[in-house]
Amino acid sequence: MATRDKRRYGSELIEERGRLLPAVGLVGGLAVWWAVTALGSGIITNFAPADAFAVLAELLVSPGFYDHVFVSIYRFGLALGLCLAAGLPIGVLVGYFRAADRATTVLFQFMRMISPLAWFPIAIIVFGVGTQSAVFVMFMAGIWPIVLNTAHGIATIDDDWLTVGESLGGDTRALLRRVVVPAVIPDMLTGIRLSIGILWIILVPAEMLGVNTGLGYLILDARDRFAYAEIPAIMLVIGFIGFWLDLSVRRLHARWNWG
């Protein structure tokens, strides 16, 4: 009995220590940040964590700051919605129909290797400066993980599932609706998670593309005003929102992952 209690106490202690590790990592990151700015010289000292957190506290009580946050989230949501509306059906089409897969594999692999930044000039020429250009660039970066993960998920479905569906009289539409799509939801969520990360990363440079609102614009504006402490403060907000977006999809993935 004493040995069992000792083992249980040991496992609880290890679990308790494991919960502290994320905090240890955060403290370590802050220590590195502080050391780089405190021990460095020149302009790098303007990015010290103490100054950044002081500016962050001022931004969080400023109503105008939230206008920029909401505009960024709006652009992100618009780009994600377009990626979902186009990426999921294309992924199902490519994954289910072999001819579509063979016809598009080379094209999609070619397209996804083009840097989203390369689309900037075309976006400005076609849409002009503003939200449409930013959303277009984000769309061209975020659609591929959804398409490719959905198609990959369908390609790995057990053939027996489709055989059983066909033997029960299911036509193509019924098989897609009742077998294929439910089976690849975890792969779809994986693609959506990757897409969200890419969209949120591309948002900042996209908002430096001639728009005058949003978190990306705010970073550029802070640089132009020599308000250097604002830059890491805004970066903290970007990282915080991105973390919670990713965490939300991870929880959805854990709920729907039955593989």
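Select Tyr66 to begin: this residue lies in helix 3. The structure on screen is a predicted model.

**Stop 1**

Is Tyr66 buried, partly exposed or exposed? Its relative accessibility is 31%, so Tyr66 counts as partly exposed; the partly exposed class begins where the buried class, under 20%, ends. Together with Tyr66 they make a nonpolar surface patch of about 480 Å². Helix 3, which covers residues 63-96, gives the largest share of this patch, with 3 residues.

**Stop 2: along helix 3 to Tyr96**

Stay on helix 3 and select Tyr96, which also lies in this helix. How far apart are Tyr96 and Ser62 in space? From C-alpha to C-alpha the distance is 51 Å, while in sequence Tyr96 and Ser62 are 34 residues apart.

Next, show what surrounds Tyr96. With neighbours within four places in sequence left aside, Tyr96 is in contact with Ile154, Thr172, Leu175, Leu176 and Val180.

**Stop 3: Ser72**

Go back along helix 3 to Ser72, which has its place there. Ser72 has 0% relative accessibility and therefore counts as buried, since buried means under 20%. Which residues does Ser72 touch, not counting those up to four places away in sequence? They are Trp200, Leu203, Glu207, Gly214 and Leu215.

**Stop 4: helix 3 against helix 10**

Select helix 10, residues 215-224, and keep helix 3 in view. The two helices pack at an angle of about 135 degrees, and their axes are 8 Å apart. Helix 3 and helix 10 are therefore oblique to each other; an angle over 145 degrees would have counted as roughly antiparallel.

To see where they meet, select Phe65, His68, Val69 and Ser72 on helix 3, then Leu215, Tyr217 and Leu218 on helix 10. These residues of the two helices meet each other.

**Stop 5: charged pairs and a loop residue**

Side chains of opposite charge can pair when their charged atoms come close. In the whole structure a search finds 6 salt bridges.

Select Arg223 and Asp224. They form a salt bridge, with the closest N and O atoms 2.8 Å apart. Arg223 has 45% relative accessibility and counts as partly exposed. Asp224 is also partly exposed, at 47%.

Now select Arg225 and Glu230. Their side chains meet in a salt bridge of 2.9 Å, N to O. Arg225 counts as partly exposed at 40% relative accessibility, whereas Glu230 counts as buried at 16%.

Select Phe226 next, in the loop between helix 10 and helix 11. Most residues other than glycine have a negative phi. Phe226 is not a glycine, yet its phi is positive, about 60 degrees. Its relative accessibility is 62%, so Phe226 counts as exposed.

**Stop 6: helix 9 and Ser195**

Select helix 9, residues 185-206, and find Ser195 in it. Is Ser195 buried or exposed? Ser195 is buried, with a relative accessible area of 0%. Leaving out residues up to four places away in sequence, Ser195 touches Leu80, Cys83, Gly142, Pro145 and Ile146.

**Stop 7: helix 9 against helix 11**

How do the two helices run relative to each other? They pack at an angle of about 175 degrees, with their axes 9 Å apart. Helix 9 and helix 11 are therefore roughly antiparallel to each other. On the helix 9 side, the residues making the contact include Ile185, Leu189, Arg193, Ile196 and Trp200. On the helix 11 side, they include Ile238, Leu245, Asp246, Arg250 and Trp256.

**Stop 8: Arg250 and its partners**

End with Arg250 and Asp246. Arg250 forms a salt bridge with Asp246, and the closest N and O atoms are 3.1 Å apart. Arg250 and Asp246 are separated by about one helical turn because they are 4 residues apart in helix 11, residues 230-256. Arg250 is partly exposed, with a relative accessible area of 35%.

Notes:
Residues are numbered from 1 along each chain as its sequence is written. This is a predicted model: local features need pLDDT of at least 70, side-chain atom pairs count only at pLDDT 80 or more; totals for chains, interfaces and linings use all residues. Side-chain values use heavy atoms; hydrogens and water are left out. Patches are made of residues with over 30% relative accessible area and no salt bridge: like charges are joined within 9 Å, nonpolar side chains (Val, Leu, Ile, Met, Phe, Trp, Tyr) within 5 Å. Accessible areas come from the Shrake-Rupley method with a 1.4 Å probe; for residues, only the protein chains shown count as cover. A salt bridge is a side-chain nitrogen of Lys or Arg within 4 Å of a carboxyl oxygen of Asp or Glu. Buried means under 20% relative accessible area, exposed over 50%, partly exposed in between (1.4 Å probe, protein chains only). Axes are lines fitted to C-alpha atoms, for helices over the stretch in contact, and angles run from 0 to 180 degrees between N-to-C directions. Angles under 35 degrees count as roughly parallel, over 145 as roughly antiparallel, 65 to 115 as roughly perpendicular and the rest as oblique. Contact means heavy atoms within 4.5 Å.
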